[in-house]
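Here is a short briefing to read alongside the model.

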Amino acid sequence: MMIFILAAGYLFTVYLLLALAKRTGKNADPADLPSTIQGKHQSVNPKVTEVVNSQ
């Protein structure tokens, strides 16, 4: 019986945390993102190729 109560409490806690995360994600303001993400995008391909070729 104790295991059932603990499992139910655990599932309820996970449910509440997921609901909170979902609600917080909807309220996220894109203005809070750094300017590097908003405006220009930098390509990573040349750096990755350079690292792969150097090995």
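Helices (H or I, at least four residues) and strands (E, at least two) are DSSP runs, numbered from the N terminus. With that in hand, the elements of the protein chain run α-α-α from the N terminus on, a total of three helices and zero strands. This is a predicted model, in which local features need pLDDT of at least 70, side-chain atom pairs count only at pLDDT 80 or more, and totals for chains, interfaces and linings use all residues. Residues are numbered from 1 along each chain as its sequence is written, and side-chain values use heavy atoms, with hydrogens and water left out.

**Confidence**
- The mean pLDDT (the predictor's confidence in each residue, from 0 to 100) of the protein chain is 75, and 47% of its residues reach 70 or more.
- Confidence is highest in α1, at a mean of 94, and lowest in helix α2 (residues 35-38), at 52.
- Where pLDDT is low, the predicted coordinates should not be read in detail.

**Exposure**
- Of the 55 residues of the protein chain, 0% count as buried (buried means under 20% relative accessible area, exposed over 50%, partly exposed in between, with a 1.4 Å probe and protein chains only).
- Helix α1 lies largely in the open, because the number buried among its 25 residues is zero.

**Helix α1 and Leu-18**
- The end C-alpha atoms of α1 are 37 Å apart, which agrees with the 36 Å that its 25 residues should span at 1.5 Å a residue (the expected span is 1.5 Å times one less than the number of residues).
- Leu-18 lies in helix α1 (residues 2-26), and its 57% relative accessibility is why Leu-18 counts as exposed.
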